[in-house]
Amino acid sequence: MSDIEALNEQLAGLQEEALKAFSGATDLAVLEQLRVAYLGKKGALTEVLKGVGKLPPEQRPVIGQQVNAVKQALATALDAMESELAVKAKAERIEAERLDVTLPGRSGPVGALHPVQQGLDEITAIFSQMGFAVAEGPEIENEFHNFDALNIPPEHPARAMHDTFFVKGLSSGENAEPMLLRTHTSPVQIRAMRRFLEEGHEPPLAVVAPGRVYRCDYDVTHSPMFHQVEVFKVDHDVSMAHLKGVLKHFLSTYFEREVDIRLRPHYFPFTEPSAEVDIGCVFCARKGCRICKGSGWIEVLGSGMIHPNVLRSVGIDSSIFSGFAFGLGVERLVMLKQGIPDLRLFFENDVRFLRRMGS
Amino acid sequence: MKIPFSWLKEQVALSKSPAEIADDLIRLGHEVEGIELPRAAVQGVRVGLIEAKVPHPDADKLSLLKVNIGEAELLDIVCGASNMDVGDKIPVATVGTSLPNGLTIKKGKIRGETSCGMCCSETELGLADESAGLLILPADAPIGMEVGEFLQLEEAVIDLSITPNRGDCMNVRGLARDLAADANLPLADINSQTAEVESTVQAVAVSVSADSDCPVYLARRIEGVKLADSPAWMQAGLIMAGMRPVNGIVDVLNYVMLYYGQPMHAFDADNIDGDITVRSAVAGEDFAALDGRKLKLTAGDLLVSDASSVIALAGIMGSEASGVSNSTTNIVLESAFFRPARVSETRRTYAMVSEASMRFERGVDPLMVATAMQQASLLIQQLFGGQIGAITTCGDAAAIHAGVRVRCAVSRIESRLGIEIPESVDAVLRRMGFGIERSGNTIDVTVPSFRHDISIAEDLSEEYARVIGFDAIPEVLPSLATIAPARLDRSIHDAVASGFLQVVSYAFIAEKEQRLFVPADGNDISLENPISDAMSVMRRSAWPGLMNVAKHNLNRQQAGVALAEQGRLYVKTANGHAEDNVLAWLMTGEVARDEWCGSARNADFFDLKAALESWLAVRGLTGRFIADDSIVGLQAGQSARILVGRVEAGRIGKVDGDIAAAFDIDTPVFVADINLDALPEGKKAKFQSLPEFPGVERDLVFLFDKHTTSEAILNTVRSAGGKLLNDARIFDLYQGKGVPEDKVSLGIRFSLQAADRTLTQEDSDAAMHAIIEAVGKRFAATFRG
Ligand SMILES: [Zn+2]
């Protein structure tokens with residue numbers, strides 16, 4: 001056998017051996033070792049090339065070409081194998097990283113707004129969007145704002161019905177009138193109107209006043225502290241029809257459906273005419289159920305046209321301006337909307353209740 | 001107030017059922033609390049005996065009955081039921097009877113056969129919601145007896161809550177007047193008979209000195225009455241109306257009051273010493289009231305006295321000594337008009353409410369004063385005999401409330417209601433007693449003597465509204481004003497967003513719980529009339545409330561709670577009081593629980609501090625936390641004041657262990673509060689361009705004296721780090737093996753960056769050297785690497 005033949009044979013053997021080794025490689029590290037073993041600086045192919053020097057010069061190019069061809073073939077095979085192994089390795093990694101996606105997420109604290117706060121926010125927002133300005137007032141009030149200015153003089157029988165908490169050691173005015181916890185948000189009417197006039201404005205004035213109120217009454221259906229929202233508007237030619245329009249819009253927006261409203265004549269010293277407002281029962285579509293006591297109607301708030309004495313007490317001329325006012329109980333509306341059966345749940349603050357009602 | 005339905009029917013021939021009348025009353029502005037028991041509704045239904053039964057010739061589901069109701073002739077009745085037989089006793093609604101379902105029985109023909117009544121089921125009698133066939137009565141039911149009586153049905157009683165402006169409706173007559181006017185039915189005349197006066201009976205001598213408080217006073221003697229209990233019908237009526245029978249005279253007077261609205265009083269004439277005087281009290285006068293109370297009267301109280309003592313607090317209560325009993329034979333009757341505000345003030349002074357005072361306070365009808373006297377006298381004589389004396393009258397009833405008129409433009413009422421008021425409606429108000437003259441747009445109204453609540457146009461608008469019906473008023477949305485929207489207070493929302501549950505607790509707490517967190521300084525605001533000791537003082541800290549909520553929940557298997565509350569704190573100040581708006585937090589127990597990916601961990605100071613820092617950061621604020629061992633209720637060494645800008649804005653810390661234990665809480669409790677009113681306005685963020693060149697991070701570790709605060713260290717390194725220092729933060733804190741006991745090892749990570757270039761090694765080396773040097777100068781610290 002000539003040298004060239006021996007070399008050719010050697011090259012062919014090498015190629016076959018290498019390709020076999022490559023295809024047997026199980027991972028990229030082994031493949032890299034094989035690359036070094038065959039194609040590296042001290043690799044098998046380099047060894048073969050050393051034999052080329054022994055050949056006659058005219059034969060060298062021929063064998064050189066063949067060595068290159070083998071080198072090329074091995075490199076291609078290596079690359080192919082490498083990408084095959086990379087795909088396989090990735091697939092294995094993905095499989096190894098497979099999760100049980102049904103396991104619960106890492107728990108973190110979840111807060112919730114109190115349902116009364118949610119109610120206050122919703123109610124206030126509805127009136128804000130209708131152009132009512134938000135106002136607040138003190139919870140510890142004097143008798144003037146809570147009663148007298150609202151046309152409830154001391155001898156008035158309605159005054160006794162308010163179950164008023166009085167506070168010790170505070171007094172107001174020259175006569176050292178006792179101070180009390182406001183029994184309704186209506187005093188904000190007086191304060192807001194006065195402030196408005198003092199700032200030099202003229203009606204129209206439209207106000208929504210949310211806040212805490214207090215009654216000395218504590219049983220299953222009464223809480224000594226609860227939340228009210230007072231709403232009023234004073235302008236030229238404000239009528240009961242406007243009152244009904246605003247009530248209808250508000251109640252339908254709040255309950256997220258068109259509700260029927262019914263006004264019943266009633267008596268409040270600070271409004272004339274006065275009306276209790278019922279909504280068509282949201283539980284039975286007015287067919288009569290346990291919650292509406294079979295009547296199909298649920299009382300939700302008290303309303304009326306602001307009494308001229310109230311306007312007079314703040315210096316608004318009732319022959320030019322008129323207004324409507326109403327006050328609603330937040331807890332009551334939230335109970336109706338969310339189906340909460342018991343007033344006491346609001347003030348017990350059981351976190352299970354708060355979390356459940358949080359959305 | 002309870003009104004037996006039959007009493008109303010005596011005054012006006014109502015054909016409607018009690019439930020329908022209740023609806024009418026509601027529409028007219030009288031709140032109906034309920035209707036009790038349906039006796040009147042089955043008036044006219046009697047016990048009948050079936051004597052014959054044959055099938056209807058033309059309808060196989062009907063029977064022809066001959067029914068004996070105790071009258072000469074048997075009734076022919078066509079009946080559709082099948083559960084009855086000859087010999088059964090059944091309820092028969094006779095012709096003219098109105099049943100609770102609204103059906104009125106008429107004589108008529110059913111499929112050609114005459115029917116003179118109707119046999120009834122329980123449903124038809126209003127006794128049950130469902131029934132199968134006729135109600136078969138027991139065999140011993142007396143033929144012809146009213147079924148209501150036999151079944152001992154109590155009469156229908158309407159329970160009303162009369163509003164304070166409608167004193168005129170605190171009686172049968174007044175309600176009947178509204179109903180009659182509304183239904184356009186006549187109101188019964190009042191018996192105009194007057195009692196025959198015996199000249200032998202002396203007139204009562206009366207002098208009224210306080211005539212502005214008592215514009216009319218009538219008195220009369222009745223002698224020789226033989227007192228007995230009032231008759232059963234009267235007692236039954238009183239009981240149904242919610243009053244307790246007392247004795248014959250008192251019962252008659254109560255009956256007259258319930259019926260006509262005029263409260264009266266009776267004295268035992270033999271226990272009165274001389275003449276009667278109506279006058280204002282002298283301060284300190286003694287009065288021994290009927291209810292056993294002994295009062296010292298206040299100057300100005302209106303009283304009735306004889307020559308030696310006070311015999312009544314006018315319009316409120318009589319004296320014990322002058323009252324009538326069943327042994328009384330001679331009486332003095334009183335009927336008067338007392339000024340409402342006077343009665344109200346005295347009633348409030350002594351907290352002495354009576355049926356009489358409620359009516360006088362709301363104003364009685366001056367024209368009823370004499371009528372009631374006549375009615376009561378007649379009833380007394382009729383029931384208990386006696387000779388009646390002449391009436392002594394002081395004052396002129398007709399002058400009270402005379403000529404109260406309201407003149408106004410019709411358009412004024414119309415624009416207030418948002419609806420037209422047709423002239424036809426005037427007729428209803430006329431029937432209610434108003435005199436009405438219309439001329440063009442002007443209306444001139446004379447107010448009846450019993451309506452003390454009407455004096456201005458707005459009052460009239462309510463009368464028109466209730467007569468026309470509120471339902472007739474349209475719903476009109478007024479034009480909307482546009483206003484600057486209020487800045488929403490997001491305080492509690494932001495606390496909730498970081499994982500806290502909002503709670504709402506009472507503004508009043510127990511004083512002893514207040515003392516746990518607020519020292520006694522005389523500035524508490526406490527309630528005059530608290531619900532209980534636990535709710536007796538206005539809170540000056542939200543923490544006691546939060547502690548109670550935590551306790552409530554930890555007692556219910558909660559492993560931890562994170563709570564927040566927004567509300568006011570109340571405190572006395574030099575010139576009154578203040579109500580500060582605060583936000584408060586509480587954390588205790590587990591903030592992380594055992595789970596597949598982690599293990600449980602209890603809340604610590606820094607959990608809550610993080611919540612406050614992020615809450616402040618959202619508002620563009622940062623707080624300085626200044627260690628303060630003097631915060632009442634918090635544990636020294638784990639409590640701090642929070643300074644925002646120059647404002648003392650809040651506090652944070654660990655609740656003293658003994659206090660927590662007092663609330664049955666055994667995990668460490670952390671609380672904080674922020675005074676929202678004191679908090680400065682945060683800065684709205686301004687844009688800054690993002691850095692273009694990469695920054696470098698370098699770490700340094702020092703040994704510091706244990707008591708050196710991280711705030712002081714960071715302040716020092718920040719000022720030494722110069723312009724290139726972007727941030728410095730403590731990444732490692734170590735005490736223990738390898739660190740001397742009084743030292744702490746702190747690792748600080750610096751991030752350095754320049755706006756205009758990439759930093760070089762020299763840049764950061766220089767900064768680090770400056771920092772190391774500054775720390776060495778400022779603290780007894782050792783540089784470790
Ligand atoms: Zn219902």
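Helices and strands are taken here as DSSP runs, numbered from the N terminus. The model is a predicted one, and within it E256(A) shows a positive phi of about 60° although it is not a glycine. Most residues other than glycine have a negative phi, and most peptide bonds are trans.

The backbone of chain A also holds cis peptide bonds. One of them runs from P203(A) to P204(A), with omega near 15°. Here P204(A) belongs to the loop that connects α8 (187–198) with β5 (205–214) of chain A. Another cis bond joins E272(A) to P273(A), and its omega is near -5°. In this case the proline, P273(A), sits in a strand, namely β8 (residues 271–280) of chain A.

The SG atoms of C281(A), C284(A), C289(A) and C292(A) coordinate the zinc ion at 2.2 to 2.3 Å. Along the sequence, these donor residues follow the spacing C-x2-C-x4-C-x2-C. The angles among the 4 donor atoms of the zinc ion span 104 to 113°, and the site is tetrahedral. For comparison, the ideal angle at a metal with four tetrahedral donors is 109.5 degrees.

We turn next to the contact between the chains. The size of an interface is often given as the accessible area lost when the parts come together. For chain A and chain B, the buried area amounts to about 7,200 Å², with 60% of it on carbon and sulfur atoms. To this contact chain A brings 88 residues and chain B brings 82 residues.

Polar and charged pairs also bridge the two chains. In all, 33 residue pairs make polar contact across the interface of chain A and chain B, counting pairs with both residues at pLDDT 80 or more. The interface of chain A and chain B also has 2 salt bridges. One of these pairs the side chain of R568(B) with that of E136(A), at 3.7 Å from N to O. On the side of chain A that touches chain B, helix α9 (residues 240–254) of chain A gives the most, with 8 residues. By residue type, that side of chain A comprises 45 nonpolar, 23 polar and 20 charged residues.

Note on methods: Residues numbered from 1 in each chain as written. Chains lettered and ligands numbered in written order. Predicted model: local features only at pLDDT ≥ 70, side-chain atom pairs only at ≥ 80, totals over all residues. Heavy atoms only, no water. Contact = heavy atoms within 4.5 Å. Buried area = accessible area lost by both parts, 1.4 Å probe. Salt bridge = Lys/Arg side-chain N within 4 Å of Asp/Glu carboxyl O. Polar contact = N/O pair within 3.5 Å; in protein donor to acceptor, adjacent residues only side chain to side chain. Helix = DSSP H or I, 4+ residues; strand = E, 2+ residues; numbered from the N terminus. Nonpolar A, V, L, I, M, F, W, Y, C, P; charged D, E, K, R; others polar. Donors = N, O, S within 2.8 Å, 3.2 Å for Na, K, Ca; no water. Tetrahedral: all angles 85-135°; square planar, octahedral: opposite > 155°, others 65-115°.
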